[in-house]
Amino acid sequence: MGGRAPSLREQVIQPIQNPIEMHETLAHVVTKLSRYESYAQDFERAFGSGEITADKIAKALEQFLLTRLSFDSKFDRAQTGKAKLTAEEERGFQLFTTEHDSGNGQPGAGCFHCHGGPLFRSRDFANNGLDSMFKDLGRYGVTKNESDKGKFAVPSLRNVEITGPYMHDGRFGTLEEVIEHYATGVKLSQTLDSEIELKHGIPLSQEDKRALVSFLKTLTDEQFRFTPGPPPSTLLSAGKPLILGGSFGETCRCTPSASRVKGNSRHLLQNISLTFS
Ligand code: HEC
């Protein structure tokens with residue numbers, strides 16, 4: 001995401017209309033939801049009237065996202081001594097949080113420069129070397145500042161194992177592909193971040209790559225993944241059936257939870273599109 005949306009509420013509905021994401025119209029979404037009596041009842045409970053509008057959908061989704069807190073991953077539990085990381089996970093964590101040029105002969109992967117802190121997101125926008133020619137100009141679309149071309153919002157990596165496909169255009173299906181990108185796929189451009197430009201990619205052995213993936217998987221919070229949304233009696237109830245409703249098609253591979261939510265509405269809204277299909 002290029003940071004186009006000024007608020008979460010606006011952000012949650014943008015991917016619905018974006019041609020490279022869901023390519024839908026809000027009016028059509030309203031029509032589709034209106035076909036289900038149960039949604040009218042949920043909107044009634046949440047908003048006092050069963051009429052479904054784009055504005056109410058946005059409010060419900062926003063409220064839902066705001067309730068999604070994740071703090072019980074294996075990584076979190078290891079911090080408080082309630083779990084122990086394996087040697088490989090621990091090695092991945094070290095790589096993640098160590099400079100490329102550590103000065104002690106043990107170069108790290110430098111991921112923390114952008115994905116640091118408790119949310120594993122410490123920078124707002126960056127160009128992580130996906131392209132040398134930009135199809136989507138990212139942050140530039142908002143600021144019109146040359147230096148923002150090809151920069152995208154740095155995503156939190158909490159629950160990243162279950163939030164693929166990855167990057168703003170979903171170009172990578174697996175975490176292995178993402179790591180391979182940082183190791184060997186980084187493309188040069190004017191705005192490429194200097195942390196990644198270093199040696200045109202981050203030198204990583206096969207072992208290092210596996211360790212990084214193992215570490216990223218420790219950020220999965222099963223509790224978060226399988227805890228259903230808030231109780232129906234609150235304002236939030238309109239958000240709940242949109243995401244968790246029993247109308248997932250037979251072919252849906254996703255868990256019927258909002259497992260894909262992590263502050264990145266693209267993933268959430270993909271689930272919703274499945275609900276409608
Ligand atoms: C210079 C900042 C920067 C550094 C350093 C960096 N990343 Fe990223 N990362 C990003 C940005 C920006 C995106 C999102 C790009 C997009 O949406 O197209 C991203 C996306 C990702 C994603 C996909 C998340 C998703 O939900 O789509 C993963 C996984 C990831 N990075 C892991 C890592 C790892 C592991 C490292 C270290 C090897 C690393 N990153 C280093 C900026 C960075």
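**Helices, a ligand shell and a cis peptide bond**

Let me begin with Pro 165, which lies in the loop between β2 (152-153) and α9, and the peptide bond that runs from Gly 164 to Pro 165 is cis, with omega near 0 degrees. Please keep in mind throughout that what we have on the screen is a predicted model.

Now let us turn to the ligand. Which residues come nearest to it? Of the 29 residues around the ligand, the nearest are Cys 111, Cys 114, Tyr 166, His 168 and Asp 193. Sorted by class, this shell has 19 nonpolar, 7 polar and 3 charged residues. Three helices, namely α7 (112-115), α9 (175-185) and α10 (194-197), each supply at least two residues of the shell, and it is α9 that gives the most, with 4 residues.

The crossing in which α9 passes α11 is right-handed. On the α9 side the contact is made by Leu 175, Glu 176, Ile 179 and Ala 183, and on the α11 side by Lys 209, Leu 212, Val 213 and Leu 216. By class, this contact of α9 with α11 has 6 nonpolar and 2 charged residues, and no polar ones.

Helix α11 also packs with helix α6 (residues 87-97), here at an angle of about 95 degrees and with the axes 7 Å apart, which makes α6 roughly perpendicular to α11. From α6, the residues Glu 88, Glu 89, Arg 91, Gly 92, Phe 93, Leu 95 and Phe 96 meet Asp 208, Arg 210, Ala 211, Leu 212, Ser 214 and Phe 215 in α11. The classes in the contact of α6 with α11 are 6 nonpolar, 2 polar and 5 charged residues.

Staying with α11 for a moment, Lys 217 has its place in this helix, and it counts as partly exposed because it has 17 C-beta neighbours inside 10 Å. The C-alpha atoms of Lys 217 and Asn 159 are separated by 7.5 Å, although these residues are 58 residues apart along the chain.

Finally, a word about the backbone. Phe 120, in the loop between α7 and β1 (125-126), has a phi near 55 degrees, a positive value in a residue other than glycine. Lys 144, in the loop between α8 (140-143) and β2, also is not a glycine and has a positive phi, of about 60 degrees. Are these two residues buried or exposed? Phe 120 is buried, because 22 other C-beta atoms lie within 10 Å, whereas Lys 144 is exposed, because there are 10 other C-beta atoms within 10 Å.

Conventions:
Residues are numbered from 1 along each chain as its sequence is written. This is a predicted model: local features need pLDDT of at least 70, side-chain atom pairs count only at pLDDT 80 or more; totals for chains, interfaces and linings use all residues. A residue is near a molecule or strand if its C-beta atom, placed from the backbone, lies within 6 Å of it. Ala, Val, Leu, Ile, Met, Phe, Trp, Tyr, Cys and Pro count as nonpolar, Asp, Glu, Lys and Arg as charged, and the others, Gly among them, as polar. A crossing is left-handed if the near helix is turned anticlockwise from the far one by less than a right angle, and right-handed if clockwise. Two residues are in contact if their C-beta atoms, placed from the backbone, lie within 7 Å. Axes are lines fitted to C-alpha atoms, for helices over the stretch in contact, and angles run from 0 to 180 degrees between N-to-C directions. Angles under 35 degrees count as roughly parallel, over 145 as roughly antiparallel, 65 to 115 as roughly perpendicular and the rest as oblique. A residue is buried if 20 or more other C-beta atoms lie within 10 Å of its own, exposed if 12 or fewer, and partly exposed in between; C-beta atoms are placed from the backbone.
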